[in-house]
Amino acid sequence: MIAAAGAFWRKYTVVFKADWAIMMAYRSESLIWMFGAFVQPLVSLAVWTSLSGSGSIAGYRASDYVLYFCAVLLVDRLTRSWDVYELDNDIRQGTFSGKLLRPFHPIHWSINGNLVYKAFFAALMIPSWLILAVFVPAMRTPAGIGTIGLAVLAIALSSALRFMIGYMFGLLAFWSNRATAVYALYEGVHLFLAGRIAPLSMFPDWVAEAARILPFYVTVAFPVDLLTGRLAGEPGQLWIGFAQQLGWLIVLLAAFRLMWRRGLKRYGASGG
């Protein structure tokens, strides 16, 4: 058992090093990709700070929006998954066959790729935020060190959730050649219900409640609320958030196993 676990982690280490070398070879492309993802949150920040002026909207003042969207930038970049596009292409083109022959489940290659890029983004974004917070008071979070630790755990679980959701959308390619189109529709809904374009408190109550029940709030807005100190003094909401993250993760893992088994039975490719 211990030997098998050791062999498993040695494989992970080797794949991690290989993915890190690839990422460093294309680091300029990675940086452009990272900064490109800043556009939408920064536009949202500009709009809401302009609208709020010297007052507040839904309990958020201009300085609150600065902190909120800084947290959205960080959480969204550290939890976003892009595997649906690669998986869809591999299945449709038949190149997925090569990955099935490797001595490692294909999902582990994708997990490693996510870990590499997110470690790279975290190493750049977290120190940048800390330095900027020295000069910009609005970027300083009131959250204590304990809450920051819980936020890190929430980000890790959110990353796992968004990875599983993206990967399962990619598996739709076993049945349809429109997997990425369906995922684009999901991303459009996620943009609003996950709190990426505005805090959920600005939406009608029934929309905010639906976002909290479905796996939207816990994928971005929940870690953001922790980072910005919005859940201070609300231990009930905090533990409900973690329980929802774990519950949805268990559901997604079970659904993944079912989709994987049925999808492989439909898969076929020829040629090289």
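Colleague: Which residues of H1 are buried?

Modeller: Tyr12, Val15, Asp19 and Met23 are the buried residues of H1. The term means under 20% relative accessible area, while exposed means over 50% and partly exposed lies in between (1.4 Å probe, protein chains only). The cover over these buried residues includes helix H2 (27-36) and helix H7 (106-135); contact here means heavy atoms within 4.5 Å. This is a predicted model, in which local features need pLDDT of at least 70 and side-chain atom pairs count only at pLDDT 80 or more, whereas totals for chains, interfaces and linings use all residues. Residues are numbered from 1 along each chain as its sequence is written, and side-chain values use heavy atoms, with hydrogens and water left out.

Colleague: Alanine 7 is in H1. What is its relative accessibility, and what is it therefore called?

Modeller: Alanine 7 belongs to helix H1, which covers residues 2-25. Its relative accessibility is 29%, and it therefore counts as partly exposed.

Colleague: What makes H4 largely enclosed by the rest of the structure?

Modeller: Of the 18 residues of H4, 15 are buried, and therefore the helix is largely enclosed. From its first C-alpha to its last, H4 reaches 26 Å, close to the 26 Å expected at 1.5 Å a residue. Valine 66 is one of the residues in H4. Apart from neighbours within four places in sequence, valine 66 touches Leu45, Thr49, Ala138 and Met139. The C-alpha atoms of valine 66 and alanine 138 are 6.2 Å from one another, although the residues are 72 apart along the chain.

Colleague: How is the packing of two helices described?

Modeller: Packed helices are described by the angle between their axes and the distance between the axes. The axes are lines fitted to C-alpha atoms, for helices over the stretch in contact, and the angles run from 0 to 180 degrees between N-to-C directions.

Colleague: What angle do H4 and H8 make, and what is the pair called on that basis?

Modeller: Helix H4 (residues 62-79) packs against helix H8 (residues 145-171) at about 50°, with the axes 8 Å apart. That angle makes H4 oblique to H8, since angles under 35 degrees count as roughly parallel, over 145 as roughly antiparallel, 65 to 115 as roughly perpendicular and the rest as oblique. Val75, Asp76, Leu78 and Thr79 of H4 meet Ile155, Ser158, Ser159 and Arg162 of H8. These contact residues comprise three nonpolar, three polar and two charged; Ala, Val, Leu, Ile, Met, Phe, Trp, Tyr, Cys and Pro count as nonpolar, Asp, Glu, Lys and Arg as charged, and the others, Gly among them, as polar.

Colleague: Why is H5 called roughly parallel to H8?

Modeller: The axes of H5 and H8 cross at roughly 25° and come within 8 Å. That crossing angle makes H5 roughly parallel to H8. On the H5 side the contact is made by Asp83, Val84, Leu87, Asp88 and Ile91, and on the H8 side by Phe163, Gly166, Tyr167, Phe169, Gly170 and Leu171. By class there are seven nonpolar, two polar and two charged residues in this contact.

Colleague: What makes H5 and H9 roughly antiparallel?

Modeller: The axes of H5 and helix H9 (residues 179-193) cross at roughly 165° and come within 9 Å. The two helices are therefore roughly antiparallel to each other. Val84, Tyr85 and Asp88 of H5 meet Ala179, Thr180 and Tyr183 of H9. This contact divides into four nonpolar residues, one polar and one charged.

Colleague: Why is aspartate 88 called buried?

Modeller: Aspartate 88 has a relative accessible area of 3%, and is therefore buried. It is placed in helix H5 (residues 83-93). Not counting residues up to four places away in sequence, aspartate 88 touches Gly170, Ala173, Ala179 and Thr180.

Colleague: What is the relative accessible area of alanine 254, and what does that make it?

Modeller: Alanine 254, which lies in helix H12 (residues 235-266), has a relative accessible area of 47% and is therefore partly exposed.

Notes: Helix = DSSP H or I, 4+ residues; strand = E, 2+ residues; numbered from the N terminus. Expected span 1.5 Å × (residues − 1).
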